[in-house]
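I opened a new page for this one and wrote down what I looked up as I went. The structure comes first, then my entries.

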Amino acid sequence: MCNIKIHETQPLLNLKLDRVMQDIVYKLVPGLQDILAKTRIKVSCRAEVRHLRRVLCHRLMLNPQHVQLLFDNEVLPDHMTMKQIWLSRWFGKPSPLLLQYSVKEKRR
């Protein structure tokens, strides 16, 4: 299996969901399924970063002032919509759009 060469320009082209392997991984790593379910968020293309940040903070029980949404380690402005991010930073790449978040330390 490891000797199979994947497509060089589209490495995700032939990936398929393997439910059996997924079940095995979930049994080997207790709590993984819950962690992944909490952080996967589906929103409208009209949603702004501020909306996504609020949903994320609610699910993770964090204070919104301490959370930043990032794309390639760049902090995204609150007014930017998911469509703007898609068109300016993700156009031509496969779905889903991947964003990261960081939690700022509290100031004393």
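Before the strands, a reminder to myself: two strands pair if DSSP finds at least two bridges between them. I also note that this is a predicted model.

Entry, the sheet. I looked up the bridge partner of Phe71 and found Glu74, in S2. S1 and S2 run antiparallel, with 2 bridges joining them. Then I checked the whole sheet: it is open, has 3 strands in the order S2-S1-S3, and its pairing is antiparallel.

Entry, Arg53. I found Arg53 in helix H3 (residues 49-60). Is Arg53 buried or exposed? Buried, because its relative accessible area is 15% and the cut-off is under 20%. Its side chain makes a polar contact with the side chain of Asp78, at 2.8 Å. Leaving out residues up to four places away in sequence, Arg53 touches Pro64, Gln65, Val67, Gln68, Leu69 and Asp78.

Entry, the rings. The ring centres of Phe71 and Trp90 are 6.0 Å apart and the planes stand at 85 degrees, so I wrote down edge-to-face. Phe71 belongs to strand S1 (residues 67-71) and Trp90 to helix H4 (residues 82-90), so the pair ties together parts 19 residues apart in sequence. Phe71 and Trp90 are both buried.

Key:
Residues numbered from 1 in each chain as written. Predicted model: local features only at pLDDT ≥ 70, side-chain atom pairs only at ≥ 80, totals over all residues. Heavy atoms only, no water. Phe/Tyr/Trp six-rings, centres within 6.5 Å; stacked < 30°, edge-to-face > 60°. Helix = DSSP H or I, 4+ residues; strand = E, 2+ residues; numbered from the N terminus. Buried < 20%, exposed > 50% of the residue type's maximum accessible area, 1.4 Å probe, protein only. Polar contact = N/O pair within 3.5 Å; in protein donor to acceptor, adjacent residues only side chain to side chain. Contact = heavy atoms within 4.5 Å.
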